[in-house]
Amino acid sequence: MITRLSHACIYVLDQDSAENFYVNILGMVVHTNAPMAPGIRWLTVHPKNQPDLELSLCPVVEGMMFNKDTAGKMRELVKAGSFGFGVFDCDDIYATYEELKAKGVVFSKAPKEEFYGVEALFKDDSGNWFSMTQRKAE
Amino acid sequence: MRLVRAKLFIDEHYASDIDLDNIADEASFSKYHFIRLFRRVFGATPHQYLTSVRLFRARALLAQGVPVTDTCYSVGFDSLSSFTGLFKRAVGKTPSAFRAEALHLRADMARAPLAYIPHCFASSYGWLPGVSPENRNFQEVPLAAAPLL
């Protein structure tokens, strides 16, 4: 039976830039960095406190997965912010918001109280958006 | 926020000889208040945070094969023995052992990449022999071909 989620895929436009964003700006840790071909690595990162969840930074390039036309469309969709890949938990959202803003992260929503906690929305360097939420204490 | 600016200052200047008392003054806090607030917001004292940033950067350099001594001084430690002790406590192995393992892993990945790259990823990027663009799209495995329990 399925026991847990071990990997999730985030489509990125450039793996080097994505690695810099997720590691040096968001503070994640590289789990595996295995070269494959020019511009393509099996590159996974994880939040510092969640080593058993690998986020695979998958490059959108023409090849097996995408033909030229699909790759072009996917890249435009990624750039346009069509994909929201998930929610990051946060323990001090106001400080984290200020820190990430100072590091150049683009937020489409400043921290705002919702019924589930305080939430902000930001984009990664490719255009994918994420929720960052400090959940209400139970 | 003054605390965030202090943290960002540490992030940017970790390799230098940072005077944390100075940072407290710049942020207009008393030293005691600064340490207490910093710990409450970021989960570590400024000194602990600075050490953690230096060790984080050291891991990246060692994994690239930078020699231990060069790594130690380039991330801001001024004592090799102190760096080695802190590194071992944080990571569970000495900087030399960590570096040797990382280099061994890199060499092994280059020699046998498919031992590290999942089949689904390798095949979706056309990296497996015998996989052609005609088979690009997702195709359901016929029930008869599925492995029996």
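1. Let's start with burial in chain B: of its 149 residues, 21% count as buried. Here a residue is buried if 20 or more other C-beta atoms lie within 10 Å of its own, exposed if 12 or fewer, and partly exposed in between, with C-beta atoms placed from the backbone. Please keep in mind that this is a predicted model: local features need pLDDT of at least 70, side-chain atom pairs count only at pLDDT 80 or more, and totals for chains, interfaces and linings use all residues. Residues are numbered from 1 along each chain as its sequence is written, while chains are lettered from A and ligands numbered from 1 in the order in which they are written.

2. Chain B has eight helices and zero strands. Helices (H or I, at least four residues) and strands (E, at least two) are DSSP runs, numbered from the N terminus. Of the contacts in chain B with a separation of 6 or more, 51% are between residues 24 or more positions apart; a contact means that the C-beta atoms of two residues, placed from the backbone, lie within 7 Å.

3. Now pick out B:Ser96, which sits in helix α7 (residues 95-111) of chain B. Because 13 other C-beta atoms lie within 10 Å, B:Ser96 is partly exposed. Between B:Ser96 and B:Phe9 there are 87 residues in sequence and 29 Å in space, C-alpha to C-alpha.

4. Over in chain A, look for an open sheet of four strands in the order β1-β4-β3-β2, with mixed pairing. Two strands pair if DSSP finds at least two bridges between them. The edges are β1 and β2 of chain A, each pairing on one side only.

5. Follow the bridges into β4(A). Six of them join β1(A) to β4(A), and these strands run parallel; A:Ala8 is partnered by A:Leu55, and A:Tyr11 by A:Cys58. Two bridges join β3(A) to β4(A), and here the strands run antiparallel, with A:Ser56 of β4(A) as the partner of A:Thr44. Five of the six residues of β4(A) are buried, so this strand is largely enclosed by the rest of the structure.

6. What is the size of the largest nonpolar core? This core has 23 residues, and those with the most contacts inside it are A:Ile10, A:Val12, A:Tyr22 and A:Leu57. The elements giving it two or more residues are β1 (7-12), α1 (15-25), β2, β3 and β4 (54-59) of chain A. A second, separate core of 11 residues includes B:Leu3, B:Ile10, B:Ala24 and B:Phe34. A nonpolar core is a set of buried Ala, Val, Leu, Ile, Met, Phe, Trp, Tyr and Cys residues joined through C-beta atoms within 7 Å.

7. Helix α2 (residues 68-79) of chain A has 12 residues and reaches 17 Å from its first C-alpha to its last, close to the 16 Å expected at 1.5 Å a residue. That expected span is 1.5 Å times one less than the number of residues. Just after α2(A), A:Gly81 has a positive phi of about 75 degrees.

8. Finally, see where the chains meet: 16 residues from chain A and 20 residues from chain B take part in the contact. On the side of chain A that touches chain B, β2(A) gives the largest share, five residues.
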